[in-house]
Amino acid sequence: MPQRHHVRFPSASADDLAQDEVRFEVVEGDRPVRLRFHDYDEIYRRPGLYEQVFYDRLRCCSPEKVGDLLRQTLTAVGRNVTELRVLDLGAGNGMMGDVLKTSGVARLIGADIIPEAREACYRDRPGLYDDYFVADFTDLPQEEADRIDAWSIDCLTTVAALGFGDIPPEAFLRALDFVKPDGWAAFNIKETFLDNSDRSGFSRCVRRLIASGRLDVHHLERYQHRLSMEGTPLHYYAIVARKRGSGPLSGLATNGDADDA
Ligand SMILES: C[S@@+](CC[C@H](N)C(=O)[O-])C[C@H]1O[C@@H](n2cnc3c(N)ncnc32)[C@H](O)[C@@H]1O
């Protein structure tokens, strides 16, 4: 039985705050502890808190959604997820890993930038990932890169982790570099990434990947990712795409900017 926490959401409007600035309280004994949504280290330290806030209360459904679309897309091209060797970037405590493992992927590698994510995953979902790297993909040591490369990755998943103070385009592209040519990427991103108001850099990054022919989009779908603290639906796009060509993608996030301001 997962531990339940006494969680209090503020009554004042939080819809104006950036997603990473939203705060809530966990009452421990008689002490309220204030946490931001992006205080992942503190959240993961408390077993069950991440699931309780984001999945039970805010109804996040993105791991299932992205996992389903990945399965459907592979089926449509006569392939099966059981063949996949997946790198799950921004793996956290393993919510997407759970979905992938249940679908029967061949190998499952996790990666996150904070050690608390891996510690929580090992604590709450032991044995889920075949390996789990704590690393900054914008500055990946060669030794780590070699170890990841040895897993012969042919699918990258990134769920609820791109932009908004989380994974920057450079880290996403570096992770995509590990995917073999004709391998897959399945990820989700806030709906505003498709318009020019996007400041995360992902709008430009994804457009470049598509325009350069390096990403072949098989499925793009707008869906309700979760609720805001106020109960307003937050919509994201889920994308399943095939990586084309070889050669590093790192650099595509910053090279040239005349065509797509
Ligand atoms: C909202 S959680 C998502 C976790 C999991 N994918 C899920 O769907 O529940 C975002 C995760 O991205 C991780 N993250 C943030 N910036 C990152 C970066 N630059 N590289 C790798 N992981 C990062 C955070 O530590 C956190 O575990």
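1. The model is predicted, and the interface of domain 1 and domain 2 holds 5 residue pairs in polar contact, with both residues of each pair at pLDDT 80 or more. On the side of domain 1 that touches domain 2, at least two residues each are supplied by β2 (23–28), α1 (40–45) and α2 (49–57). The element that gives the most to this side is α2, with 5 residues. By residue class, the side of domain 1 that touches domain 2 consists of 13 nonpolar, 8 charged and 3 polar residues.

2. Domain bounds and separation. The domain assignment places residues 6–57 in domain 1 and residues 62–243 in domain 2. Taken over C-alpha atoms, the centres of domain 1 and domain 2 are 24 Å apart. Domain 1 brings 24 residues to the contact, and domain 2 brings 23.

3. Buried area. Interface size is often expressed as the accessible area that is lost when the parts come together. For domain 1 and domain 2 the buried area is about 1900 Å². Carbon and sulfur atoms give 54% of that area.

4. Salt bridges between the domains. Side chains of opposite charge can pair when their charged atoms come close. Between domain 1 and domain 2 the count is 2 salt bridges. A salt bridge also joins the side chains of E51 and R125, with an N to O distance of 2.9 Å.

5. Which residues come nearest to the ligand? Of the 18 residues around the ligand, these are Y44, Y50, Y55, G90 and D112. At G90 the backbone is involved, with a polar backbone atom 2.8 Å from a nitrogen atom of the ligand.

6. Salt bridges in the whole structure. A search of the whole structure gives 20 salt bridges. The side chains of R46 and E28 form a salt bridge with an N to O distance of 2.5 Å. This pair links distant parts of the chain, 18 residues apart: R46 lies in the loop between α1 and α2, and E28 lies in strand β2.

Note on methods
Residues numbered from 1 in each chain as written. Predicted model: local features only at pLDDT ≥ 70, side-chain atom pairs only at ≥ 80, totals over all residues. Heavy atoms only, no water. Domains from an automatic or database assignment. Contact = heavy atoms within 4.5 Å. Buried area = accessible area lost by both parts, 1.4 Å probe. Salt bridge = Lys/Arg side-chain N within 4 Å of Asp/Glu carboxyl O. Polar contact = N/O pair within 3.5 Å; in protein donor to acceptor, adjacent residues only side chain to side chain. Helix = DSSP H or I, 4+ residues; strand = E, 2+ residues; numbered from the N terminus. Nonpolar A, V, L, I, M, F, W, Y, C, P; charged D, E, K, R; others polar. Near = heavy atom within 4 Å.
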